[in-house]
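Student: Could you go through this model with me, one piece at a time?
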Amino acid sequence: MKKIALTLAAVSALGLAACGSNTAANNAAANTTNATTEAMNDLTGAAMDASNAASNAASDAANAAGSAADAAANAASSASNAASNAAK
C-alpha cells in the first residue's frame, strides 16, 4: 500500500512540475496528494486497530485458559483436602 501512495505522490509531484503556473492544476494535484495521504493514514490506523484487537483477543483467551486451569487445580486441591479430612 505504501508503494502505491508513494507512486501517487510522485506522479502528483510530476504533475505539479509539468503544470508550471497553472494554479488550478497545481491545486488539483495537491488535493489528490493530500487525499491519498489521508487515505493511507486511515488504512494504517485501521490495520493497527485490527492488530490490537486480535492481540487483545488472544491475550484474553490465554487469561481465560489460565483461569480455567487454576480453577481445576483448586477443585482438585479441595477434593484432596476433603478426602484427607474425611479420613481423620
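Student: Leaving aside its neighbours within four places in sequence, what is threonine 36 in contact with?
Tutor: With those neighbours left out, threonine 36 is in contact with Ala5 and Leu8, where contact means heavy atoms within 4.5 Å. This is a predicted model, in which local features need pLDDT of at least 70 and side-chain atom pairs count only at pLDDT 80 or more, while totals for chains, interfaces and linings use all residues. Residues are numbered from 1 along each chain as its sequence is written, and side-chain values use heavy atoms, with hydrogens and water left out.
Student: Is threonine 36 buried or exposed?
Tutor: Threonine 36 counts as buried because its relative accessible area is 14%, the classes being buried under 20%, exposed over 50% and partly exposed in between, with a 1.4 Å probe and protein chains only.
Student: And which helix is threonine 44 in?
Tutor: Threonine 44 lies in helix H2, which covers residues 23-87, and threonine 36 is found in helix H2 too; helices here are DSSP runs of H or I with at least four residues, strands are E runs of at least two, and both are numbered from the N terminus.
Student: Why does threonine 44 count as partly exposed?
Tutor: Because its relative accessibility is 40%.
Student: Switching topic, how many helices and strands are there in the protein chain?
Tutor: The protein chain has two helices and zero strands, and its C-alpha trace spans about 100 × 20 × 10 Å along the principal axes.
Student: What share of the 88 residues is buried?
Tutor: Buried residues make up 7% of the 88 residues in the protein chain.
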